[in-house]
Amino acid sequence: MLTGSMQQQTIPTSWVEVGDSAAFTKTVTESDVAMFCEISGDFDPIHVDAEHASRTVFGQRIAHGALSIAVLSAASSMISKLAVDRGNPGVSISMGYDRIRFLKPVFIGDTLNASYTVEDIDAASSRTRGRMA
């Protein structure tokens, strides 16, 4: 589980509103962890070795923290799609995530629920600031 906030760029204020929100749900699978190992190059035993992981405080393998963060991207991209659906001809990009904390481990089989809610719109910079959970 994680929390944080993020900024999005080039979403003119006429295409999104404070309070707009999106949600994405993903159950973490064995395949997800294996593919993320390949993509990231992170083959730490806590992710890939069940015997090793069983001797840790977690008692079992855990998913990569960065894999958990990646689920946030899905929710933020849904806000970008909302802007496009409302006529935005621009390209939305993520400007980053601030104050992310891992509150508990994510195990294979856990379901992650990511949400993005627009909390503020800066018309001068065409950016939104949202709450991710």
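Student: Before anything else, what do buried, exposed and partly exposed mean here?
Tutor: Buried means under 20% relative accessible area, exposed means over 50%, and partly exposed is in between. The model is a predicted one.

Student: Where does Arg-131 fall, then?
Tutor: Arg-131 has 41% relative accessibility, so that residue counts as partly exposed.

Student: And which side chain does Arg-131 meet in a salt bridge?
Tutor: That of Glu-119, at 3.7 Å from N to O. The two sit in distant parts of the chain, twelve residues apart: Arg-131 in strand 5 (residues 127–132) and Glu-119 in strand 4 (residues 111–122). Glu-119 is also partly exposed, because its relative accessibility is 43%.

Student: How many salt bridges are there in the whole structure?
Tutor: A search finds six. Among them is one between Glu-30 and Arg-61, with an N to O distance of 2.9 Å.

Student: Where are Glu-30 and Arg-61 in the chain?
Tutor: Glu-30 is in helix 1 (residues 30–40), while Arg-61 lies in the loop between helix 3 (50–54) and helix 4 (65–85). They are 31 residues apart, and the pair links distant parts of the chain.

Student: Is Arg-61 buried or exposed?
Tutor: Arg-61 is buried, because its relative accessible area is 15%. Glu-30 counts as partly exposed at 44%.

Student: Switching to Glu-51, which residue does its side chain meet?
Tutor: Arg-55, in a salt bridge of 3.5 Å, N to O.

Student: Why does Glu-51 count as exposed?
Tutor: Because its relative accessibility is 57%, and exposed means over 50%. Arg-55 is exposed as well, with a relative accessible area of 59%.

Notes. Residues are numbered from 1 along each chain as its sequence is written. This is a predicted model: local features need pLDDT of at least 70, side-chain atom pairs count only at pLDDT 80 or more; totals for chains, interfaces and linings use all residues. Side-chain values use heavy atoms; hydrogens and water are left out. A salt bridge is a side-chain nitrogen of Lys or Arg within 4 Å of a carboxyl oxygen of Asp or Glu. Helices (H or I, at least four residues) and strands (E, at least two) are DSSP runs, numbered from the N terminus. Buried means under 20% relative accessible area, exposed over 50%, partly exposed in between (1.4 Å probe, protein chains only).
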